[in-house]
Amino acid sequence: QVQLVESGGGLVQAGGSLRLSCIASGSIVSISVMRWYRQAPGKQRELVAAITSGGSTNYADSVKGRFTISRDNAKNTVYLQMNSLKPEDTAVYYCNVDLMRYYSSTYASYWGQGTQVTASS
């Protein structure tokens, strides 16, 4: 069984910072890509940032220069450092991980439960 647990969300004033964490646990052999998505009320879920096992990253244009994704492979953890938060960043943030479990030969995608981020104006 695999579990993704997110933490670090909360309420912050516009211009402030938050750091999200997502820990993957369970019968994991290997993790490839780790991502952060977000979904605001009434909007579709969108990709915020992604990082490969080798450390290559990509970001949505709306967060470039403000957000930084990183990972700790030894801890099966992905982080999202969010600076200069804007009210339009308000959303539920989800981590998404492609991983291989024991007794499997393929990668599958898993989701966390989501954490609320609110940036007030």
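1. Threonine 90 is partly exposed, because its relative accessible area is 22% and the buried class ends under 20%. The model discussed in this note is predicted. Threonine 90 is placed in the loop that runs between strand E8, residues 77-82, and strand E9.

2. The side chain of threonine 90 takes part in two polar contacts with backbone atoms. One of its polar atoms lies 2.9 Å from the backbone oxygen of proline 87. The side chain also reaches the backbone nitrogen of alanine 119, at 3.0 Å. When neighbours within four places in sequence are left aside, threonine 90 is in contact with Ala40, Gln116, Val117, Thr118 and Ala119. As for serine 109, which is 19 residues away along the chain, its C-alpha atom is separated from that of threonine 90 by 25 Å.

3. Threonine 115 belongs to strand E11, which covers residues 115-120. With a relative accessibility of 12%, threonine 115 counts as buried, because that class covers values under 20%. Its side chain reaches the backbone nitrogen of glycine 9 at 3.4 Å. Beyond its neighbours within four places in sequence, threonine 115 is in contact with Glu6, Gly9, Leu20, Ala91, Val92 and Tyr93.

4. In strand E3, cysteine 22 is the bridge partner of glutamate 6. The sheet is formed by 4 strands in the order E1-E3-E8-E7, with antiparallel pairing. Strand E1 (2-7) and strand E7 (67-72) stand at its edges; each has a single partner strand, so one side of each is left without a neighbour in the sheet. On average, and with direction ignored, neighbouring strands of this sheet are turned by 15° against each other.

5. The pairings within this sheet can be followed strand by strand. E1 and strand E3, residues 18-26, run antiparallel and are joined by 6 bridges. E3 is in turn joined to E8 by 6 bridges, again antiparallel; here isoleucine 23 has threonine 77, in E8, as its bridge partner. E7 and E8 are likewise antiparallel, with 6 bridges between them, and threonine 68 stands opposite glutamine 81 of E8.

6. Strand E4 has pairings of its own to consider. E4 (residues 28-39) runs antiparallel to strand E9 (residues 91-101), and 9 bridges join them. Tryptophan 36 is found opposite cysteine 95 of E9. E4 is also joined by 5 bridges to strand E5, residues 46-51, with the two strands running antiparallel. Tyrosine 37 has leucine 47 as its bridge partner in E5. In the hairpin of E4 and E5, 6 residues lie between the strands, and glycine 42 takes a positive phi near 75°.

7. How many aromatic pairs does the structure hold? There are 2 aromatic pairs. In one of them, the ring centres of tyrosine 37 and tryptophan 111 are 4.9 Å apart and the planes stand at 50°, so the pair is tilted. Tyrosine 37 lies in strand E4 and tryptophan 111 in strand E10 (residues 108-111), so the pair ties together parts that are 74 residues apart in sequence. Tryptophan 111 counts as partly exposed, at 39% relative accessibility.

8. The rings of tyrosine 102 and tyrosine 103 also form a pair: their centres are 6.5 Å apart and their planes at 55°, so this pair is tilted too. Is each of these tyrosines exposed, partly exposed or buried? Tyrosine 102 counts as partly exposed, at 49% relative accessibility, whereas tyrosine 103 is exposed, with a relative accessible area of 88%. The two fall into separate classes because exposed means over 50%.

9. Arginine 45 should be read together with the aromatic residues. Which ring lies 3.8 Å from arginine 45, centre to charge? Arginine 45 lies over the face of tyrosine 94, at 3.8 Å from the ring centre. The charged end of arginine 45 also sits over the ring of tryptophan 111, 4.8 Å from the centre of that ring.

Terms used: Residues numbered from 1 in each chain as written. Predicted model: local features only at pLDDT ≥ 70, side-chain atom pairs only at ≥ 80, totals over all residues. Heavy atoms only, no water. Pairing = 2+ DSSP bridges. Buried < 20%, exposed > 50% of the residue type's maximum accessible area, 1.4 Å probe, protein only. Contact = heavy atoms within 4.5 Å. Polar contact = N/O pair within 3.5 Å; in protein donor to acceptor, adjacent residues only side chain to side chain. Phe/Tyr/Trp six-rings, centres within 6.5 Å; stacked < 30°, edge-to-face > 60°. Lys NZ or Arg CZ within 6 Å of the ring centre and 35° of its normal. Axes fitted to C-alpha atoms, helices over the stretch in contact; angles between N-to-C directions.
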